[in-house]
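Reader: Before I rely on the labels attached to this model, I would like to see how each one was reached.

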Amino acid sequence: MAERINDARGLAHLDVMQATADVFLRMDEPEMSARIDRGIALAQGHPHFITFALGGRAWARLMLGALPAARADFNEALARALDMGARWLWADALAGRGAVDVIMGNFAEAREAVQTLLLSDVRFVFPVFEALATEVIAAEAFLTGRYRDGLAGYDRAAALYRRADLDRAWGFLVSLQQFEALLVLADVDGPDTVARWWPRVK
């Protein structure tokens, strides 16, 4: 339909949405990148959508493990969102950049990004960003050997996702991270020390 009526913006939206499906259904990075690149090209003159598409590609690349490329996309989306004053796109890019940084071991940058997000008012309108920021802080604690803090942080993030009814969407990985933190803590401090956490995790 969009092709028949020469709806470039509609085609751009379809390309980005199909690219997201490519990642979740087939983990097909070349096809995903090609679709989003075409979507961005078709969306010239629509800066909000281009920023959205860059953020979508960044999240997809993050899920595929292409961390430097994901970070570059998040940075570009962040700069564009700031220029436009698009707060939710800014928050999305900042949360994603924090997630990439914590995985890459850039802990100071990750914490700075998500703390900025937690101090903003966007988290009240879009609760997913508070949950994501809390998850990144928990991951930073866990990856730097503060396992109790990490487990407590994952617990808070899980509660935030549940409160926003996002635990089966954005929050689907938190339960796995809770289990991992619990197992590591049991190895470090012994199984008795984590008994109080078990009912909340399982």
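Author: What follows takes the labels one by one and sets each against its cut-off.

This is a predicted model, in which local features need pLDDT of at least 70 and side-chain atom pairs count only at pLDDT 80 or more, while totals for chains, interfaces and linings use all residues. Residues are numbered from 1 along each chain as its sequence is written, and side-chain values use heavy atoms, with hydrogens and water left out.

Reader: What makes aspartate 101 and arginine 97 a salt bridge?

Author: The term asks for a side-chain nitrogen of Lys or Arg within 4 Å of a carboxyl oxygen of Asp or Glu, and the N to O distance between aspartate 101 and arginine 97 is 3.0 Å, so the pair meets the rule. The two residues are four apart in helix α5 (residues 87–104), and are therefore separated by about one helical turn; helices here are DSSP runs of H or I with at least four residues, numbered from the N terminus.

Reader: Why is aspartate 101 called buried, and how is arginine 97 classed?

Author: Buried means under 20% relative accessible area, exposed means over 50%, and partly exposed lies in between, using a 1.4 Å probe and protein chains only. Aspartate 101 has a relative accessible area of 0% and so is buried, and arginine 97, at 15%, also counts as buried.

Reader: What are the values for the pair formed by arginine 111 and glutamate 140?

Author: Their closest N and O atoms are 2.7 Å apart, and the pair forms a salt bridge. It links distant parts of the chain, with arginine 111 in helix α6 (residues 107–118) and glutamate 140 in helix α8 (residues 127–143), 29 residues apart. Arginine 111 counts as partly exposed because its relative accessibility is 27%, whereas glutamate 140, at 9%, counts as buried.

Reader: Which parts does the salt bridge between aspartate 73 and arginine 57 join?

Author: The closest N and O atoms of aspartate 73 and arginine 57 are 2.8 Å apart. Aspartate 73 lies in helix α4 (residues 67–84) and arginine 57 in helix α3 (residues 47–64), so the pair ties together parts 16 residues apart in sequence. Both residues are buried.

Reader: How do you know that the length of helix α9 is close to the expected one?

Author: The expected span is 1.5 Å times one less than the number of residues. Helix α9 (residues 147–163) has 17 residues and reaches 24 Å from its first C-alpha to its last, close to the 24 Å expected.
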